[in-house]
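The sequence and the structure follow.

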Amino acid sequence: MSENPLQALFHNFEHVSNFVQRHLSNLIGLHPHPQSSGPSPFVRPPLFSISSSSKNPLAKTSNPVQLRDSALEAKPASPVSKEDLGRATWTFLHTLAAQYPDNPTRQQKKDVKDLVQILTRLYPCKECADHFKEVIRANPVQAGSHAEFSQWLCHVHNVVNRSLGKPVFPCERVDARWGKLDCEQKACEVIGSTSIFG
Ligand SMILES: Cc1cc2nc3c(=O)[nH]c(=O)nc-3n(C[C@H](O)[C@H](O)[C@H](O)COP(=O)(O)OP(=O)(O)OC[C@H]3O[C@@H](n4cnc5c(N)ncnc54)[C@H](O)[C@@H]3O)c2cc1C
């Protein structure tokens, strides 16, 4: 009864933590080591550990929560290049165009136009965003159908290509270059394709 209430809370948390670790270890295939004689029944140390002082639960430990996964060790994130960002964004946009319906709804047409406008403001390469804004001003989004949107996108991509001295892509081959996502049972179709409000 004389136990500090915070200490009790701390012990409860530790029990829950141990419980979760046991079940996680079962899930990812870490089984108790039969010959293990130490305090931990596991071959590998737990994913994280909580140290507590039984005398003073508020005492600072040097590292109260330790992540042991080497993938989570503090490493500086490698920067994303302008080229990587560009390729990823074009992949996203052309894949979206490939799946854009022949008869889009009003909402889908609006969403696509909004998305492109948002890119001209938020694209995380300012020089590219500013240039793209000019490109869109001169070539307003056409999204009346799959064919219209994918051809429009191919055209504006070529405008960017030209400005960078890259080869122009033959837009009659855009459907061959950019296919729909390989998804089972139409799970990747753009939502709302069958709406009667198109
Ligand atoms: C909106 C936007 C604006 C950008 N603005 C700039 C900028 O101002 N300055 C800058 O340095 N970079 C910019 N970039 C990045 C640039 O466009 C390229 O993505 C980057 O240089 C990498 O080029 P890449 O040669 O790998 O091919 P990407 O141009 O990234 O193309 C990827 C793939 O798409 C296919 N492809 C190429 N052209 C077309 C087309 N017309 N239609 C369909 N498919 C095609 C090809 O198979 C190509 O390999 C921009 C990117 C985006 C998305």
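## Helix α3

In α3, the buried residues are Gln108, Val112 and Val116; buried means that 20 or more other C-beta atoms, placed from the backbone, lie within 10 Å of the residue's own, and exposed that 12 or fewer do. Seen down the axis of α3, these buried residues fall within an arc of 75 degrees, so they line one face of the helix; the arc is that of the directions from the helix axis to the C-beta atoms. On the other side, Arg106, Lys110, Asp114, Ile118, Arg121 and Leu122 are exposed.

This is a predicted model, in which local features need pLDDT of at least 70 and side-chain atom pairs count only at pLDDT 80 or more, while totals for chains, interfaces and linings use all residues. Residues are numbered from 1 along each chain as its sequence is written. Helices are DSSP runs of H or I with at least four residues, numbered from the N terminus.

## Packing of α3

The buried residues of α3 pack against α4 and α5, where contact requires C-beta atoms, placed from the backbone, within 7 Å. Val116, Leu119, Thr120 and Arg121 of α3 meet Ala129, Phe132, Lys133 and Ile136 of α4. The angle between α3 and α4 is about 145 degrees, and their axes are 7 Å apart; axes are lines fitted to C-alpha atoms over the stretch in contact, and angles run from 0 to 180 degrees between N-to-C directions.

## Ligand shell

The ligand is surrounded by 23 residues, the closest being Gly86, Thr89, Cys128, His157 and Phe169; a residue counts if its C-beta atom, placed from the backbone, lies within 6 Å. Helix α2 contributes the largest share, seven residues.

Conventions:
Helices (H or I, at least four residues) and strands (E, at least two) are DSSP runs, numbered from the N terminus. Two residues are in contact if their C-beta atoms, placed from the backbone, lie within 7 Å.
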